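Student: I would like to learn how to read a protein model. Could we go through one together?

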Amino acid sequence: MSISKTVQEIVDEQPVLSWALDSGIANYSATAEYLRPSVERREGRKVSLESILMSLRRLNLQKEKNAGEDLRAVVRNSKYSVESGFVDIVLDYKSSDIVAITKWSEELMEGSITSLIVGQKFASVITDSRTLLSKITSSNMSIVSVMENLAIFRIRMPKESMGVSGVIALFSQEFAKKGVSIIEMESAYSELAYIVREKDLDKAMDAFHYLKSKAGQIKG
């Protein structure tokens, strides 16, 4: 197997590494050094850093060239909307906390928007309801942080986007490049919801319109 093919396989197996390279968080020289032991194990021989570095750069150029017409079509046909006035409450939760928050939401949230993201240890409550915020902060729940002045930047995509890979990575990468701080993110069917700081909304819109423009200019 060629070194380029081996490097591509290893990078494909580590999507976070690919994202770090694309966004500029990781540089090519350091990445080549990191990959060399894995490349040499698979190749069964010594491999120079220069050959791995060349393979990484070639891989990046090929990725940009072959972005994929399906992916570009998703971007071209996407729309966005913005909702402001949100707060993100992070909890070191118990199961009873989730039950209580769900009950309060059902009772109090008519006309409001509330989203609950539950992890193994922490849960995030994203809401524009001051009543719910007051109930949570006045309870005995273990609050880790409360972040206000947030907005939801929603990206609505065509239904065909479900079968296209790389959509979330593409938008998230461009947000990172434009300096948008992503507080939370949700995805459901053909919709992405980025929780961002209200002060970053202009940057988020710039990122979205840049991708739309780029997708419209490049033909498959």
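This is a predicted model: local features need pLDDT of at least 70, side-chain atom pairs count only at pLDDT 80 or more; totals for chains, interfaces and linings use all residues.

Student: How many helices and strands does the protein chain have?

Tutor: Helices (H or I, at least four residues) and strands (E, at least two) are DSSP runs, numbered from the N terminus. The protein chain has 9 helices and 6 strands. Its C-alpha atoms fill a box of roughly 65 × 40 × 30 Å along the principal axes.

Student: What share of the residues counts as buried?

Tutor: Buried means under 20% relative accessible area, exposed means over 50%, and partly exposed is in between, with a 1.4 Å probe and protein chains only. Of the 220 residues of the protein chain, 38% count as buried.

Student: How are two packed helices described?

Tutor: The description uses the angle between their axes and the distance between the axes. Axes are lines fitted to C-alpha atoms, for helices over the stretch in contact, and angles run from 0 to 180 degrees between N-to-C directions. Helix α1 (residues 3-12) and helix α3 (residues 28-43) pack at about 120°, with their axes 10 Å apart. That makes α1 oblique to α3. Angles under 35 degrees count as roughly parallel, over 145 as roughly antiparallel, 65 to 115 as roughly perpendicular, and the rest as oblique.

Student: What is the handedness of the crossing of α1 and α3, and which residues make the contact?

Tutor: A crossing is left-handed if the near helix is turned anticlockwise from the far one by less than a right angle, and right-handed if clockwise. The crossing of α1 and α3 is right-handed. On the α1 side, I3, T6, V7, E9, I10 and V11 make the contact, and on the α3 side L35, S38, V39, R42 and E43 do. These residues divide into 6 nonpolar, 2 polar and 3 charged. Here Ala, Val, Leu, Ile, Met, Phe, Trp, Tyr, Cys and Pro count as nonpolar, Asp, Glu, Lys and Arg as charged, and the others, Gly among them, as polar.

Student: At what angle do α5 and α8 pack?

Tutor: Helix α5 (residues 69-76) and helix α8 (residues 167-177) pack at about 60°, with axes 10 Å apart. They are therefore oblique to each other, and their crossing is right-handed. In the contact, L71, V74 and V75 of α5 meet V167, L170 and F171 of α8. This contact divides into 6 nonpolar, no polar and no charged residues.

Student: How do α6 and α7 pack?

Tutor: The angle between α6 and α7 is about 150°, and their axes are 10 Å apart. That makes α6 roughly antiparallel to α7. The crossing is right-handed. I101, W104, S105 and L108 of α6 are in contact with T131, L132, K135 and I136 of α7.

Student: Where on a helix do buried residues sit?

Tutor: An α-helix has 3.6 residues a turn, so residues three or four places apart point the same way. In helix α7 (residues 130-137), L132, L133 and I136 are buried. They cover an arc of only 100° around the axis, which puts them on the same side of α7. The arc is that of the directions from the helix axis to the C-beta atoms. Among the elements covering these buried residues are β1 (79-92), α6 (95-108) and β4 (143-156).

Student: What is the phi of N149?

Tutor: Most residues other than glycine have a negative phi. N149 has a positive phi of about 60°, although it is not a glycine. N149 is in strand β4 and, at 55% relative accessibility, counts as exposed. Just after α8, G179 also takes a positive phi, of about 80°.

Student: Is D206 buried or partly exposed?

Tutor: D206, in helix α9 (residues 201-217), counts as partly exposed at 48% relative accessibility.

Note on methods. Residues are numbered from 1 along each chain as its sequence is written. Side-chain values use heavy atoms; hydrogens and water are left out. Contact means heavy atoms within 4.5 Å.
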